[in-house]
Amino acid sequence: MKRILAWWRHYRLSISDPPILTLEGLFPLLLLSVLSLLALTFHFIRIQFSEAVDFSLDWNLFLSWIPLLLSFIAQTISKRFGKLPVWIAILSIVWLIFFPNAPYMITDLVHLSVDYGSNLTWHDVIMLFYYAQISLINGLVSLYWFHQTWNRTYSNSTGTVLLLASFPLGGFGVFLGRIQRWNSWDILHNPQNLLPNIIESAFNRTAILLSVEFGLLLGTLYLVLWGLLRFRIRDRFS
């Protein structure tokens, strides 16, 4: 914190200074913003057909942006100010609380009502999948940025351990949200009931199933994202 405050007191705007934010750094956020607006457009079209499926879709999409923005802040801080392990640890904990909101939207597919002769059915299938896809991408990008930040702040081995732990913890968070009906902010609003339930749920068979299977899903998709980005970076500098 002292390093950040000292930089702020002595900062003088200069063309030669490296910018804190660049267009290249903001591009993923801008792209995901456009995709999120497209998801809202799908829902708007649905309202014109009949009525809203469930406005919690829009709320859940918003919640998937919180871990993305937290990871963007953490990455920007670590790049600009170097190693700040305490601050990155705090941001990581807050990020982990909200991270399950990203894969959570996959479970919104349970809201589908199947009528093969209805146009609304097919629109809802595409719309719900689109919401889940954008939300999941938000989560994977946030995980990638935090993985880079952990490697930069601590070590590659620590970053790998934190990355691997994030996969099943994300699935466990989905269980707490979908099955137990807890929200991310309940850790502040109702911790006296939430924390005992977390301990009890750790031995629940459904919780273990969702932790493992969502962990495998997140791990597989992250491996694809990591591989594509790594090969892209290598090609650029080869």
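Visitor: Which residues does Trp95 touch, leaving out those up to four places away in sequence?

Guide: Trp95 touches Pro67, Leu70, Ser142, Leu143, Phe146, Trp150 and Ser166. Touching, or contact, means heavy atoms within 4.5 Å. One caution before we go on. This is a predicted model: local features need pLDDT of at least 70, side-chain atom pairs count only at pLDDT 80 or more, and totals for chains, interfaces and linings use all residues.

Visitor: Okay. How many helices and strands does the protein chain have?

Guide: The protein chain has 10 helices and zero strands. From the N terminus on, the elements read α-α-α-α-α-α-α-α-α-α. Helices (H or I, at least four residues) and strands (E, at least two) are DSSP runs, numbered from the N terminus.

Visitor: What share of the 238 residues is buried?

Guide: Buried residues make up 40% of them. Buried means under 20% relative accessible area, exposed means over 50%, and partly exposed is in between, with a 1.4 Å probe and protein chains only.

Visitor: Back to Trp95. Which residues touch the most other members of the largest nonpolar core?

Guide: Trp95 is one of them, along with Leu68, Leu143, Trp145 and Tyr222. That core has 26 residues. A nonpolar core is a set of buried Ala, Val, Leu, Ile, Met, Phe, Trp, Tyr and Cys residues, joined through side-chain atoms within 4.5 Å.

Visitor: Which elements give two or more residues to this core?

Guide: They are helices H2 (23–49), H3 (56–81), H4 (85–98), H6 (119–153), H7 (156–178) and H10 (205–237). H6 gives the largest share, eight residues.

Visitor: How do H3 and H4 sit against each other, parallel or antiparallel?

Guide: They are roughly antiparallel. Their axes come within 9 Å and cross at roughly 165 degrees. Angles under 35 degrees count as roughly parallel, over 145 as roughly antiparallel, 65 to 115 as roughly perpendicular and the rest as oblique. The axes are lines fitted to C-alpha atoms, for helices over the stretch in contact, and angles run from 0 to 180 degrees between N-to-C directions.

Visitor: Which residues in H3 and H4 meet?

Guide: From H3 there are Ile66, Pro67, Leu70, Ile73, Ala74, Ile77 and Ser78. From H4 there are Ile88, Leu91, Val94, Trp95 and Phe98.

Visitor: And H4 with H6, how far apart do the axes come?

Guide: The axes of H4 and H6 come within 11 Å and cross at roughly 155 degrees. That makes this pair roughly antiparallel too. On the H4 side, Pro85, Ile88, Leu91, Ser92 and Trp95 take part. They meet Ser142, Leu143, Phe146, Thr149, Trp150 and Thr153 in H6.

Visitor: What about H3 and H6, parallel or antiparallel?

Guide: H3 and H6 are roughly parallel. Their axes come within 8 Å, crossing at roughly 20 degrees.

Visitor: New topic. How many salt bridges does the structure hold?

Guide: It holds two. A salt bridge is a side-chain nitrogen of Lys or Arg within 4 Å of a carboxyl oxygen of Asp or Glu. One joins Arg46 and Asp124, with the closest N and O atoms 2.6 Å apart. Arg46 is in H2 and Asp124 is in H6, 78 residues apart.

Visitor: Are those two buried or exposed?

Guide: Arg46 is buried, at 10% relative accessible area. Asp124 is buried as well, at 8%.

Visitor: Which side chains form a salt bridge at 2.7 Å?

Guide: Those of Arg178 and Asp108. Arg178 lies in H7 and Asp108 in the loop between H5 (101–104) and H6, so the pair ties together parts 70 residues apart in sequence. Arg178 counts as buried at 18%, and Asp108 at 2%.

Visitor: Last one. What does His147 contact, beyond its neighbours within four places in sequence?

Guide: His147 contacts Gly159, Thr160, Leu163 and Tyr222. His147 lies in H6. It is buried, with a relative accessible area of 10%.

Terms used:
Residues numbered from 1 in each chain as written. Heavy atoms only, no water.
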